Amino acid sequence: MHEKCLKRKNPWLRESLYNLGELNPDEFFTPEDLHYITNLSRKLPKFEAKEDDNAFLDIHTKKAVLKVSSSVVALLSYTTGEQELFQSSGVIIENDGNNGHIVLTSANLIRHPTEEDVVEDKLADSLKVMIYLYDGRSYEGEVRAYDFHYNIAWIRFQSDSSLATATLRQVDDYINVNPAEEKSFHLRPPSSHFNLVPGHAIVAVGRYFAKPFDLMAAPGEFILGRCDFDCQEVFMGTCKTTRCGEGGALINMSGEVIGITFYYDFGFPTPFLPINIAHKCWEHYKRYGGIWRPSLGFKATNLYTADIYVIEKVIQKIPSICNGVLVEKVIQGSSAHSAGLHLKDVIVQCGGKTVGSFLEFLEMVWDKKVGDVLQLSVFRPYQNDPIDVYMVVDEVAVEKFNRWPHNHRC
């Protein structure tokens, strides 16, 4: 039977499309309809929409989303034989002159397809990437840079006019855990970073990859906790995203991009990579033509996420402490292991500078080179005074890249 003669016999589908106002149930399928219906589940929220979910945004959320919306794009990739590979969202972060633009998105867009549980660290064959703007204009893009460790990619495209770029705001994850030092914030140098603490409102913003290229917005909050991704730099939010929203912008209520979202196949929370990491990678690539990935050699988190008895012991021993980095696991054979770091160590200084948060510590390491020695001041719960640990800066080996789950793309 010809595609245009296929009746909509599925009652649920007919009712759903009618309620959405997307298609007239008395009409026939067209090839474009079939493509739309096939991917409809990627557009709808993962859970049934209620009044406090994606379909019902308050005016403050709408205003924040509209500040970034014109720079949010849809992307569609193809591999050998024009086979559809992956759908994602992205955000225009830079205009490189002469109407050339850079889109930041998920590297899953360009990975070689696989049926394994984790994706491959390999570019797809005969890769083609299409970029769709809010007004329906489309352009073919080229892969400018990518990083499979952090699962991000930068796609360049040439447009016929200058386009809006998003406002990026790096994140500060500092929280003072010491009630006796609540006024010590004035000791911290002024920062242009956005202070992100649990409970802060955030919004995941993406764009659907087929006509009419609808904007998608999923509000939520920043929360503590982790999914089962290898990447310890990933943060979590309660935004209910969709599969084609992966790679989209994570914004604050000022409409500033503070992260890049990933899709989690097993429900929410939604993982996102702080924009700090993407910014460091991109700036290093532009300066040196490659991406630098410092290896900590241990897994860590902010002190404020620790059990209360651990925080109490630290404060009792160091009354002036406000926060620090808690070591959760030391990797055997790493430079951290060789330096003598232990489980539950709390790093309070790096190179003589106070460590206020995990992201701050990571940026301190990022500014070093392979072979540099870091002097770390470390507190151990069973010792009275901090001790110094000397750790050699190392780089993440390719075989040690973060593994990213395969979300069964199409």
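Mentor: Two strands pair if DSSP finds at least two bridges between them. Helices (H or I, at least four residues) and strands (E, at least two) are DSSP runs, numbered from the N terminus. This is a predicted model: local features need pLDDT of at least 70, side-chain atom pairs count only at pLDDT 80 or more, while totals for chains, interfaces and linings use all residues. Residues are numbered from 1 along each chain as its sequence is written, and side-chain values use heavy atoms, leaving out hydrogens and water.

Trainee: Okay, how many bridges join β13 and β14?

Mentor: Three, in the antiparallel sense, between β13 (residues 257-261) and β14 (residues 270-274). Isoleucine 260 stands opposite leucine 273 in β14.

Trainee: And which strands make up the closed barrel?

Mentor: Six of them, in the order β9-β10-β11-β14-β13-β12, with antiparallel pairing. The twist averages 45° from one strand to the next.

Trainee: What does helix α5 lie across?

Mentor: Helix α5 (residues 275-288) lies across β13 and β14, at about 45° to β14. Axes are lines fitted to C-alpha atoms, for helices over the stretch in contact (heavy atoms within 4.5 Å), and angles run from 0 to 180 degrees between N-to-C directions.

Trainee: Switching topic: which residues touch the most other members of the largest nonpolar core?

Mentor: Trp154, Phe298, Phe361 and Leu376, out of 74 residues. Helix α8 (residues 358-366) gives the most, with seven residues. Such a core is a set of buried (under 20% relative accessible area, 1.4 Å probe, protein chains only) Ala, Val, Leu, Ile, Met, Phe, Trp, Tyr and Cys residues joined through side-chain atoms within 4.5 Å.

Definitions and conventions
Buried < 20%, exposed > 50% of the residue type's maximum accessible area, 1.4 Å probe, protein only.
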